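Colleague: I have not looked at this one before. Can you put it up and take me through a few places?

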Amino acid sequence: MQHTCSFSTMVEGDLDEVLSIEREVFPHPWSKEFFQLIISDRSNWVITLRRDNTIVGYGGYHLLKKGRTFLSTHDRYQQIIHLINIAVSPPFQNQGFGTRLLDLLFNNAKRSCADYCYLEVRPSNTQAIHFYQRRGFSVIGVIEKYYPYENENAVVMGMGLSGLIQER
Ligand SMILES: CC(C)(COP(=O)(O)OP(=O)(O)OC[C@H]1O[C@@H](n2cnc3c(N)ncnc32)[C@H](O)[C@@H]1OP(=O)(O)O)[C@@H](O)C(=O)NCCC(=O)NCCS
C-alpha cells in the first residue's frame, strides 16, 4: 500500500495525539498547557508530520531575536534558531521521519534567513545525540544541571545552516 506523508503547522486539535507520543518518548513530557503556550507564540514554528492520517512525529523551533544569544561562538551568525522539540512515535522511528522533520524545520528557518541552529539534549540520550551528529550537529557546550528533576547536565549542539540546500 502506498502511504502519503504530509506536514502542517501544529494546532490545538493535534494536541491529544501529540501528547500521547510526547508521554511515550520523554521522561518528563511537556503538558498540554505548555504546548498551547508554545504553539500560540508567533516566534515559534511547530509542525506535525502525518503518515496517512496519523501523526507520526512533530518538532519545532524558536526564532531568536537578532543579537539575543548567550554563546560567544554565535557572534558570526545573523539569525539563530533554537530547536525546542523533535520526536517521532517509537513504531515509526528509524524510517526517516526524524530527518524529514529536521529538513522541513531547516527549510522553513532558512526562509527567515536563519543561518544557525542550536539545541539541548540529555547526555544520556545517546540515540538523539547520534541522530544530530549524523545530520551535521557538533557539541558546542554543556549547561550544568539544566534538567531540574535529575539535575542532569545538557549537552548543547549546534550547526550552521548556510551550506544546506533549500527545497523549492
Ligand atoms: C531522535 C529522533 C527524533 C530521531 O527520529 P527518527 O525518525 O528515528 O530518525 P530517522 O529515521 O530519520 O534517522 C534515524 C536512523 O534511521 C535511519 N533511516 C532513515 N531512513 C530509513 C529508512 N527508510 N529505513 C531504515 N532506516 C532508516 C537513518 O539512517 C538513521 O540512522 P543514522 O542516524 O545512523 O543515520 C527519535 O529517535 C525520537 O523521537 N527520539 C525520542 C525523542 C527525543 O529524544 N528527541 C530529541 C530530544 S533532544
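Modeller: Bear in mind that this is a predicted model. I would start with Cys5, which counts as exposed because 12 C-beta neighbours lie inside 10 Å, and a residue with 12 or fewer is called exposed.

Colleague: Where does Cys5 lie?

Modeller: Cys5 lies in strand β1, residues 5–9.

Colleague: And which residues does Cys5 touch?

Modeller: Leaving out residues up to four places away in sequence, Cys5 touches Leu49, Arg50 and Arg51. Asp52 is 47 residues from Cys5 in sequence, yet their C-alpha atoms are 6.0 Å apart in space.

Colleague: Changing topic, how many residues surround the ligand?

Modeller: There are 18, and the closest are Val88, Gln93, Gly96, Gly98 and Thr99. The shell divides into 8 nonpolar, 9 polar and 1 charged.

Colleague: Which element gives the most to that shell?

Modeller: α4 does, with 5 residues. β4, α3 and α4 each supply at least two.

Colleague: Back to α3, then. What should its span be, and what is it in the model?

Modeller: Helix α3 has 15 residues, 97–111, so at 1.5 Å a residue it should span 21 Å. Its end C-alpha atoms are 21 Å apart, which agrees.

Colleague: Which of its residues are buried?

Modeller: In α3 the buried residues are Phe97, Gly98, Leu101, Leu105, Phe106 and Ala109.

Colleague: What covers them?

Modeller: The cover includes strands β2 (44–51), β3 (54–63), β4 (80–88) and β5 (116–121), along with helix α4 (126–134).

Colleague: What comes just after α3?

Modeller: Cys113 is there, with a positive phi of about 65°.

How values were computed:
Residues numbered from 1 in each chain as written. Predicted model: local features only at pLDDT ≥ 70, side-chain atom pairs only at ≥ 80, totals over all residues. Helix = DSSP H or I, 4+ residues; strand = E, 2+ residues; numbered from the N terminus. Expected span 1.5 Å × (residues − 1). Buried ≥ 20, exposed ≤ 12 C-beta atoms within 10 Å, placed from the backbone. Contact = placed C-beta atoms within 7 Å. Near = placed C-beta within 6 Å. Nonpolar A, V, L, I, M, F, W, Y, C, P; charged D, E, K, R; others polar.
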